Amino acid sequence: MEKNPKYILTACNLLDGNNFSSKTVLEFELRKAKETIQALRANLTQAAENEVPLQERKNYKSSPEIQEPIRPLEKRALNFLVNEFLLKNSYKLTSITFSDENHDQDFELWDDVGLNIPKPPDLLQLYRDFGNHHVTARDVVDASVGVEDDELEADTPILGTVPVFETAPQSIEQCLIVQKLEDQISVLNSEKWSLMEQIQRLESEIDLLKNENFAVSTVYGVAPHPSLKQVPLTVSEDNGRYLDIKSSENDNKHGNIDETSLALSAEVDSRTSKDDMLNSVPSKETEKLSSCAPSSKAAVHFDKPNRKLSPAFHQALLSFCRMSADSRLGSEVSRIADSEKSVMLMLGRCLPHIVPNVLLAKREELIPLILCTACLHPEPKERDQLLHILFNLIKRPDDEQRQMILTGCVAFARHVGPTRVEAELLPQCWEQINHKYPERRLLVAESCGALAPYLPKEIRSSLVLSMLQQMLMEDKADLVREAVIKSLGIIMGYIDDPDKYQQGFELLLSALGDPSERVVSATHQVFLPAYAAWTTELGNLQFHLIPTLLNKIEKLLREGEHGLDEHKLHMYLSALQSLIPSLFALVLQNAPFTSKAKLQGEVPQIEVTRFPRPVSPLQDVAIIIGSREQLAVLLQLYDHQLEHEGTTGWETLLWVVNQLLPQLIEIVGKINVASTACVHEFSRFFWRLCRTFGKIFTNTKVKPQFQEILRLSEENIDSTAGNGVLTKATVPIYATGVLTCYIQEEDRKLLVGFLEDVMTMLSLSHAPLDSLKASFVELGANPAYHELLLTVLWYGVVHTSALVRCTAARMFELLVKGVHETLVAQRVVPALITLSSDPEISVRIATIPAFGTIMETVTQRELLERVKMQLASFLEDPQYQDQHSLHTEIIKTFGRVGPNAEPRFRDEFVIPHLHKLALVNNQQSVDSKRLDIATHLFESYSALSCCFISEDLMVNHFLPGLKCLRTDMEHLSPEHEVILSSMIKECEQKVENKTVQEPQGSMSIAASLVSEDTKTKFLNKMGQLTTSGAMLANVFQRKK
């Protein structure tokens, strides 16, 4: 302590000599003084722990039930641990409130607590270790005192002067230590004030010296003295440890008040940066700076009062100004940054304290500050902390907040370059790849795509690709996987490592097979087009990607003879469909006329309907080519080439014609025609293919190949090969996928003629009608084709062959459900009535299902009456009494449409006629016919049993019909008889209960006629019987 006056004398001698090297010496002296103050603070902290009066300590020792009050140091330590616990366990709002209530404490630094000891374990560790340590009374020494053994031994002679208390020796020793430390406190306080005065004077001298030195060097272009560089600085540029002075004293010579609230480290920072700047700039620039630079510091002067007050008096006087420079925030406020670097350092220190105190909904306002500081801050550790804050700024960022953060990340990447993006931003993404909140993982997935253009290419194809692959395979959130797919698409647009092609293909298959529709949609919109573009550049589109998908489809069809995996088929076929624009662009770009495609003169316009609407901009052929104008020129040359010059030498198009189309047509012939979904998928594929490649290509390349396969001619009517092809899915896919691409009159005529020929040939050859039905179902889904289909059916109605007329009658059943009632009344019913009076009984019977479907779907009263009259004529006309097939068809139709038909039609027509048919069947002498009718009656009654049936109808028709049916089953099928007996018994019980109780709501008798046990038995029995699956599906469906 005695050295300090010598420091002052040395400084004064150096100043008198006007030696520039005195600056460095003074800086060294200031650092030494600062270290001395820090040591004094540590000693004061330890002494403060024992400020409890001796008598109070004795009271607590003698009365254990009286709890000793918490000491200030203990309170600050516990506050720090509690706040740390709150932050670790996500009680951020509580932590903010706690910090506000303890505004005099900095919870970021343990050193602020004041303890000169290491930081203790957190609260959780303390709790877990509680009770594991037992301290005996004899070795207890107050830890906060920090007394060495030799000090206790040196104090023992004083015991003779201390009164003897009836306490333990340890208590006497502690009392002596307290007394000694209280003396030390007073001595240290006096030394503290003395050192503060010396430091203030030294700061004033340094400031004066610096101003003079700066003025001389800028005016005369003289650099600072070389000796300044020879003395090493041991203080870092900004270590955050600085001593704030609340006010400054008079100069020791003039007694004047100097500047207040100086921070030593800031002085060193600013001085060093200015010296470096002056040493680095040329002399001309130094002259320019001389007019403005000194004004920032040297131009500030304050009036110096002509007073003779002592510095101590001034210090005491200014202490009444309520300034707070002894806290973290106070120290930041008390020193103003005087350079860009200082501003960055200040923001780096302050932002971690600002962010937790900003409302979550408004934290995105801090993004510009965080990014600018992270870009320009000189310390890597601070930059890492700031980027960590950016990615953890909002607990669960919404879409708009994520977009803002991503925008900031991209701006950061553009500013700092790929090296720092890899070193500073990517680790933040990697840390949160498994975060518990999907919004945070979503931010990571989106960041990988947004940062892809700004990363080193090696990192793009290795680390980033692996991160996205891991998230695609492991993340359970659909939104996250969707974002991963979009980022993968962006990566595919920048990757240039051919070795990653196979990995990309595997990722593509995984994405296409994802269970989420969102992920699959993103795959088709982003990932697949981007991957296709890369595949095209590598030359693999026609030689690997498309052939591989086709081979997978063929393998599925081979393995799916007993059960096709329609989901996988859809997956591969939809991928092929999304590749059509890329394939067509490849054909155009490799055409013989590509070199002639010049944008000269007026560019032809492309028809709006020339191409199918793309699912995303990346599937727009114009965007793939480069521009709509360039595409228009290429299309004009493309049509001319196809129409006049042919495809000679056009390898890419010849591959489509000679390899792709034949393989596709072969695959189509293997599809199960009864699979509506598969037919629809391939139909859509061919429609897009033909519309994309154009009308000339469709007419000259696609249609001829189908026509060659189908061979529609009269000589093939009895040919097994011809009939076999017509029964396959080739017919509906050609009709709905190729012939419907263009809707001019000649195209519609071609479609009508094809369907008429198919209907005729299938009818005359007695072949199954599944392919024709599939065509009608697919076309009937579009109202634009209803008139066309009715035209085809009318051709069958007036055909000379009864077989064709019978087929037309059956096709009406498929068409009725989708056609508007006006068309049903004007076109369908007249045609059916015409067929119902056909000379051939088989044609008349074929109209019954269509009439039943009309009763099920139409609501017009007049129309229903016409149909009812026609059905009644079938049932009541004597000429049909012995028509077994007609009765069978009517009973099947009643069972199918009865539950969904109009209740009045069901009650007045269906159930009474079923009763009559059951009575007639009792008189049937041929057992085979009797069993056939009884089986169909059983299915119809089972379907109708869950409809609302009135009591009168139940007693007069439903129950008697069931009893007649039971009579048949007793002789022909005992298994059915058991079920019928249960149904009849339940039905009779309901009727009896109905006569005693009032009706409850609209609950029907038959709706609850089968108890739970009976239902179970009924279903078990029905599973063993050879009954219709369609009937079983409707057994327990109540009419709504």
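Helix α32 (residues 730-738) packs against helix α34 (residues 770-780) with the axes 8 Å apart and at an angle of about 30°. Because angles under 35 degrees count as roughly parallel, α32 is roughly parallel to α34. The model is a predicted one. Its secondary structure comprises 47 helices and zero strands.

**Packing of α32 on α34**

- The crossing in which α32 passes α34 is right-handed.
- On the α32 side, the contact involves Val 731, Pro 732, Ala 735 and Thr 736; on the α34 side, it involves Ser 771, Ala 774, Ser 775, Glu 778 and Leu 779.
- Sorted by class, the residues in the contact of α32 with α34 are five nonpolar, three polar and one charged.

**Packing of α34 on α35**

- The axes of α34 and helix α35 (residues 786-797) cross at roughly 150° and come within 9 Å.
- Because angles over 145 degrees count as roughly antiparallel, α34 and α35 are roughly antiparallel to each other.
- α34 passes α35 in a left-handed crossing.
- Phe 776, Leu 779 and Gly 780 of α34 make this contact with His 786, Leu 789, Val 792 and Leu 793 of α35.
- By class, the contact of α34 with α35 has five nonpolar and two polar residues, and no charged residues.
- Leu 779 of α34 takes part in the contact with α32 and also in the contact with α35.

**Aromatic pairs**

- The count of aromatic pairs comes to 18.
- One of them joins Tyr 501 and Tyr 531, whose ring centres are 5.4 Å apart and whose planes lie at 15°, so the pair is stacked.
- Tyr 501 belongs to helix α22 (residues 501-512) and Tyr 531 to helix α23 (residues 517-538), so this pair ties together parts that are 30 residues apart in sequence.
- Tyr 501 counts as buried at 7% relative accessibility, and Tyr 531 counts as buried at 0%.
- The rings of Phe 593 and Trp 650 have centres 5.5 Å apart and planes at 85°, so this pair is edge-to-face.
- Phe 593 lies in the loop between α25 (566-589) and α26 (621-625), and Trp 650 in the loop between α27 (628-645) and α28 (651-669); the pair thus links distant parts of the chain, 57 residues apart.
- Both Phe 593 and Trp 650 are buried.
- Phe 593 and Trp 650 belong to a cluster linked by ring pairs, together with Phe 584, Phe 611, Tyr 638, Phe 693 and Phe 697.

- Ala 597 is placed in the loop between α25 and α26.
- With a relative accessible area of 9%, Ala 597 is buried, since buried means under 20%.
- Leaving aside residues up to four places away in sequence, Ala 597 touches Gln 630, Val 633, Leu 634 and Leu 637.
- The C-alpha atoms of Ala 597 and Gln 630 are separated by 7.5 Å, although these residues are 33 residues apart along the chain.

**The protein as a whole**

- Of the 1040 residues in the protein, 47% are buried.
- Among contacts with a separation of 6 or more, 73% are between residues 24 or more positions apart.

Notes. Residues numbered from 1 in each chain as written. Predicted model: local features only at pLDDT ≥ 70, side-chain atom pairs only at ≥ 80, totals over all residues. Heavy atoms only, no water. Axes fitted to C-alpha atoms, helices over the stretch in contact; angles between N-to-C directions. Helix = DSSP H or I, 4+ residues; strand = E, 2+ residues; numbered from the N terminus. Parallel < 35°, antiparallel > 145°, perpendicular 65-115°, else oblique. Left-handed = near helix turned anticlockwise from the far one by under 90°. Contact = heavy atoms within 4.5 Å. Nonpolar A, V, L, I, M, F, W, Y, C, P; charged D, E, K, R; others polar. Phe/Tyr/Trp six-rings, centres within 6.5 Å; stacked < 30°, edge-to-face > 60°. Buried < 20%, exposed > 50% of the residue type's maximum accessible area, 1.4 Å probe, protein only.
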